[in-house]
Amino acid sequence: MDAVIAEVVPLALGIALSPVPVVPAIFLLFTPRPRAAAGMFLAGWVAGILAVASALAALAVYIEAHEETPTWASWTKTGLGTVLLLVAVRQWRSGPAKGTPGWMTTLTDATPAKALRLGALLSGVNPKVVLLSAGAGLTIGAAELGAVRTVAAVAVFTAVSAATVALPLLLHLVAGERVLTPLGRARRWLELHNSAVTAVVLAVIGVLLVLDGTSGL
């Protein structure tokens, strides 16, 4: 199981280090009900990642039980890595963001229910997050760990993926409104460098997936 965790943690970091969920997680702390909204956003974010990773892990378990060719997982990793590299190039070429996205400004009065929906949408529909979650799920399922260890591996992947979304909320719970000023500066930096940070992270993860996949062919 340790070897599988070592394989999926880089994929989880690829999700965790993306500015896409961190910026709204911080933004929600400036709403009228900051802790409730940020907590529900975290719940939605976790639910989306967990759903995709679990579904693909179950699919991989099924394929392993019925597929005689053992190289399918390696080909899948190679394909996912290639797609991530292409996405990274596109992200890099898109250039820096020009101010706060319009949809994010609608979060100023977001309710917990709206934050929950947003978290689930960003993690369950965002192509980059789905690709990384799918890669982790396939890796875990193909390892034939057994039910308990498979669930544990998916849980570890999900926890690492959600760590940076949980961090602003935890800081607010501990330090209260004192953290809003530094978090506001962090949010503006992430908004400005969103494309570059995302491109670098996706490129690194893509290379790792391609190398891992081709080594098994």
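Guide: In this predicted model, helix 7 contributes the most to the lining of the largest cavity, namely 3 residues.

Visitor: What makes this space a cavity, and which residues line the largest cavity?
Guide: A set of grid points is a cavity where a 1.4 Å probe fits but cannot get out. The largest cavity has a lining made up of Gly14, Ile15, Ser18, Val20, Asn126, Lys128, Val129, Leu132, Thr198 and Leu202. Its volume is about 60 Å³. Helix 1 (2-16), helix 7 (127-142) and helix 11 each provide at least two residues of that lining.

Visitor: How do the residues of the lining of the largest cavity divide into nonpolar, polar and charged?
Guide: The lining of the largest cavity holds 5 nonpolar, 4 polar and 1 charged. Gly counts among the polar residues and Lys among the charged, and both Gly14 and Lys128 belong to this lining.

Visitor: How many cavities of 30 Å³ or more are there?
Guide: The count is 2 cavities of 30 Å³ or more. The second largest cavity has about 30 Å³ of space.

Visitor: Which residues line the second largest cavity?
Guide: Ala73, Thr76, Lys77, Leu80, Gly135, Leu138 and Thr139 line the second largest cavity.

Visitor: Is Lys77 called buried or exposed, and why?
Guide: Buried means under 20% relative accessible area. Lys77 has 14% relative accessibility, and therefore counts as buried. Lys77 is part of helix 4 and also lines the second largest cavity.

Visitor: How far apart are Lys77 and Ala152 in sequence and in space?
Guide: Lys77 and Ala152 are separated by 75 residues in sequence and, C-alpha to C-alpha, by 21 Å in space.

Visitor: Why are helix 4 and helix 7 described as roughly antiparallel to each other?
Guide: Helix 4 packs with helix 7 at an angle of about 165 degrees, and their axes are 10 Å apart. Angles over 145 degrees count as roughly antiparallel, so helix 4 is roughly antiparallel to helix 7. The crossing of helix 4 and helix 7 is left-handed.

Visitor: How do you know that helix 4 and helix 11 are roughly antiparallel?
Guide: The axes of helix 4 (residues 72-93) and helix 11 (residues 194-215) cross at roughly 160 degrees and come within 7 Å. With the cut-off set at over 145 degrees, helix 4 and helix 11 are therefore roughly antiparallel to each other. Their crossing is left-handed. The residues of this contact comprise 15 nonpolar, 11 polar and 2 charged.

Visitor: What are the two quantities by which packed helices are described?
Guide: A packed pair of helices is described by the angle between the axes and the distance between the axes.

Visitor: What makes the phi value of Glu144 stand out for comment?
Guide: Phi of Glu144 is near 55 degrees, which is a positive value in a residue other than glycine. Glu144 is located in the loop between helix 7 and helix 8 (147-161).

Visitor: Is Glu144 called buried or exposed, and why?
Guide: Exposed means over 50% relative accessible area. Glu144 has a relative accessible area of 58%, and therefore is exposed.

Note on methods. Residues are numbered from 1 along each chain as its sequence is written. This is a predicted model: local features need pLDDT of at least 70, side-chain atom pairs count only at pLDDT 80 or more; totals for chains, interfaces and linings use all residues. Side-chain values use heavy atoms; hydrogens and water are left out. Axes are lines fitted to C-alpha atoms, for helices over the stretch in contact, and angles run from 0 to 180 degrees between N-to-C directions. Helices (H or I, at least four residues) and strands (E, at least two) are DSSP runs, numbered from the N terminus. Angles under 35 degrees count as roughly parallel, over 145 as roughly antiparallel, 65 to 115 as roughly perpendicular and the rest as oblique. A crossing is left-handed if the near helix is turned anticlockwise from the far one by less than a right angle, and right-handed if clockwise. On a 1 Å grid over the protein atoms alone, a cavity is a set of points where a 1.4 Å probe fits but cannot get out, and a pocket is an open set with protein on both sides within 12 Å along at least five of seven lines; lining residues have an atom within 4 Å of a point. Grid points are joined across faces, edges and corners, and a volume is the space filled by probe spheres set on the points. Buried means under 20% relative accessible area, exposed over 50%, partly exposed in between (1.4 Å probe, protein chains only).
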